[in-house]
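I opened the model today to look up a few local features. My notes follow in the order I made them.

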Amino acid sequence: EQLVARAIAPVKKDFLRPPPVSVLAKEKKSKRQLKRERRLEQKSARNLCPEIAKTGDVSSCPYKDKCRFSHDLEAFKAQKPADLEGQCPFCPYGLGCRFSSTHEKNNSEVNGLSKHVQKLLWKNKMSFSKADAQLKSLGLGTSKSKRNDDLSLKLHSREKKLIDFREKLYLAPLTTVGNLPFRRVCKVLGADVTCGEMAMCTNLLQGQASEWALLRRHSSEDLFGVQICGAYPDTVARTVELIEQECTIDFIDINMGCPIDIVVNKGAGSALLTKPMRMKSIVEVASGTAEKPITIKVRTAYFEGKNRIDSLIADIGSWGASAVTIHGRSRQQRYSKLADWDYVYQCARKAPTTLPVVGNGDVFSFVDWNNHRTECPELATDMVARGALIKPWIFTEIKEQRHWDISSGERLNILKDFVNFGLEHWGSDTKGVETTRRFLLEWLSYTFRYIPVGLLDVVPQRLNWRPPSYYGRDELETLMASDSAADWIRISEMLLGKVPDGFTFAPKHKSNAYDRAENG
């Protein structure tokens, strides 16, 4: 009881161990130094020109001497690491591939950005007729004209094909770690609804390939949405029109809860909670532009102690939203303290019956899930966020209503699935292998916080419990419990071979990695 009161996981005494001696972190390199190293690396023999890799002909590259990559075929062959075990999942990489078996093309992803559309976006020549008409009809266009009475373009939310979220297991959109291979893992383990990582509207409208990659969808994601984030009605409306035109999706979620400074300072994310009329305009114009359902994700408020969603919940449906997800924390609270589920329940009870309310915050077991169903039948479902990062089999546990005392071998098989999905998604050449490794390591910076059921004095584990240092029931389980990046790298080498010389890793959110993945 004393440990639980201090948010320390009550691991059985037989498994406790002294904390390992911490190693001093290396000095961080400057951005200029990292950029210089990337340029040198790009021209090194390790980075063979993709065109030459495909053809095996050094004269096949159309860029010749101006190419950013190496054309030294012999040097590449001399330094190429040993092939990985297994079969190539998908390969246009030719000589660059890290698999020696027969190549099979098996790409089942959609929502790519065509070069034609990208060029139109770059040149600012893309037409947004539906969005601009909606902006004008709502008096939100650049002309600031009076509202047009002809709202025939607006398809009311009740006339749209609505999504039944009730009782469905909903994986939250998660920054960095909520990538397509991770979502595939969660689908295998029982997730019903998946959503892409948050994408910024301005970046999508500028045709940034890295931002469009966040909208990719795998064929296994049978109920899939994308999440966008924007500060103004015009950018959101045009993004909605563009996504519907270019992507295959089931719904579009607008993030109005992201607490990150770089987003809030631009007036997006949870900054919108301070501007309810702007929220209304964004939802109205997005709903009027889109044929697919528009959902929104919010926090309880911007400032702690000044909750405001309960005063807006009755209107959100009339604005055109098809569902609302409420994260039971304020922006100021970030991820500290436990989520306020009593307030989420209060909002769900105030919401009109036509507006599904999804609860979000600290769901980490089937017990949490059941409690929310019992306490508030008005809730449509729960969204699972960080709980899925730490133990993606939470979806299996909820469906089977059990605490799964999963073995280290079973956990390793889940990591193997992620690696295979990653190589299919990011590529099976050296670059694809190392990209897969980076994202695997980012994920491992969360999974080590899982404590096996059989090692706990109190079940289930709570999301806010901090694990003490402990031994697992076998060597692999002990390794998986380590909070050391060096041990995470060891696990990656079990699945992807040795890391390159000079390889280092620090989680993107190392200062507060446990609390920073979920946007909103």
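I started at T176, which sits in the loop between strand 2 (170-171) and helix 7 (180-188). Helices (H or I, at least four residues) and strands (E, at least two) are DSSP runs, numbered from the N terminus. I read a phi near 65° for T176, a positive value in a residue other than glycine. Most residues other than glycine have a negative phi, and most peptide bonds are trans.

I noted that this is a predicted model, in which local features need pLDDT of at least 70 and side-chain atom pairs count only at pLDDT 80 or more, while totals for chains, interfaces and linings use all residues. Residues are numbered from 1 along each chain as its sequence is written, and side-chain values use heavy atoms, with hydrogens and water left out.

Next I checked P460, in the loop between helix 19 and helix 20 (475-480). The peptide bond from V459 to P460 is cis, with omega near 5°.

I then asked which residues line the second largest cavity. I found V459 and P460 in that lining, together with F364, K391, E397, H403, Y450, I451, V453, L456 and Q461. A cavity is a set of points on a 1 Å grid over the protein atoms alone where a 1.4 Å probe fits but cannot get out, and lining residues have an atom within 4 Å of a point. The volume of this second cavity is about 70 Å³, counted as the space filled by probe spheres set on the points, with grid points joined across faces, edges and corners.

The whole structure has 4 cavities of 30 Å³ or more. Domain 1 (1-19 + 407-496) and domain 3 (115-139 + 159-400) each give at least three; the domain bounds come from an automatic or database domain assignment.

Last, I looked at the helix pair. Helix 18 (residues 408-426) and helix 19 (residues 430-447) pack at about 145°, with axes 9 Å apart. Axes are lines fitted to C-alpha atoms, for helices over the stretch in contact, and angles run from 0 to 180 degrees between N-to-C directions. Among the residues that meet, I listed R411, I414 and L415 in helix 18 and W443, L444 and T447 in helix 19; contact means heavy atoms within 4.5 Å.

Technical notes. 1 Å grid on protein atoms, 1.4 Å probe; cavity = no way out; pocket = protein on both sides within 12 Å on 5 of 7 lines; lining within 4 Å.
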